[in-house]
Amino acid sequence: MSRHAQKLRDHDINPCVAETDATTKCLDENNYKKDMCTAYFLKYKNCRKFWHAIMMQRRRNGVKPEMPSADERKKILESVGKPY
């Protein structure tokens, strides 16, 4: 597995690994008919949008690292409920 692929699978770097996997599984099961997996695509898009907004807010506030770790993200999701 390439380094780039490893980074995408790292839960500390990519907050939407579960949504990515669900989308891929849906595509595999439905013979890559994208219209059958629209809900999964939307969930992934909303996940990325939510965490991007968090990352941008942390960047503006000077918080490092900009993307919260997997443990921090879990606490954030528990406090706000699952927004996506």
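1. Helices here are DSSP runs of H or I with at least four residues, strands are runs of E with at least two, and both are numbered from the N terminus. The model is a predicted one, in which local features need pLDDT of at least 70 and side-chain atom pairs count only at pLDDT 80 or more, while totals for chains, interfaces and linings use all residues. Residues are numbered from 1 along each chain as its sequence is written, and side-chain values use heavy atoms, with hydrogens and water left out.

2. The protein has four helices and zero strands, in the order α-α-α-α from the N terminus. Its C-alpha trace spans about 45 × 30 × 20 Å along the principal axes.

3. Of the 84 residues, 20% count as buried; buried means under 20% relative accessible area, exposed over 50%, and partly exposed in between, with a 1.4 Å probe and protein chains only. Helix α4 is hardly covered, with one buried residue among its 11. The accessible surface of the protein comes to about 6,300 Å², 54% of it belonging to carbon and sulfur atoms (Shrake-Rupley method, 1.4 Å probe).

4. The largest nonpolar core consists of six residues, namely C16, C47, W51, M55, M67 and Y84. Such a core is a set of buried Ala, Val, Leu, Ile, Met, Phe, Trp, Tyr and Cys residues joined through side-chain atoms within 4.5 Å. Leaving aside neighbours within four places in sequence, W51 is in contact (heavy atoms within 4.5 Å) with P15, C16, M67, P68, R73, I76, L77 and Y84. Among contacts between residues at least 6 apart in sequence, 47% join residues at least 24 apart.

5. The largest pocket has a volume of about 180 Å³. Its lining includes W51 and Y84, along with H11, P15, V17, A18, E19, A70, R73, K74, L77 and K82. The elements that give two or more residues to this lining are α2 (17-29) and α4 (70-80), and α4 gives the most, with four. On a 1 Å grid over the protein atoms alone, a pocket is an open set of points where a 1.4 Å probe fits, with protein on both sides within 12 Å along at least five of seven lines; lining residues have an atom within 4 Å of a point. Grid points are joined across faces, edges and corners, and the volume is the space filled by probe spheres set on the points.

6. By class, the pocket lining has seven nonpolar, one polar and four charged residues. Ala, Val, Leu, Ile, Met, Phe, Trp, Tyr, Cys and Pro count as nonpolar, Asp, Glu, Lys and Arg as charged, and the others, Gly among them, as polar.

7. The loop between α2 and α3 holds N31 and Y32. Neither N31, with a positive phi of about 55 degrees, nor Y32, with phi near 60 degrees, is a glycine. N31 is exposed at 65% relative accessible area, and Y32 is exposed at 54%.

8. In the loop between α3 and α4 lies P65, joined to K64 by a cis peptide bond with omega of about -10 degrees.

9. T20, in helix α2, is partly exposed at 26% relative accessibility. Not counting residues up to four places away in sequence, T20 touches N14 and Y44.
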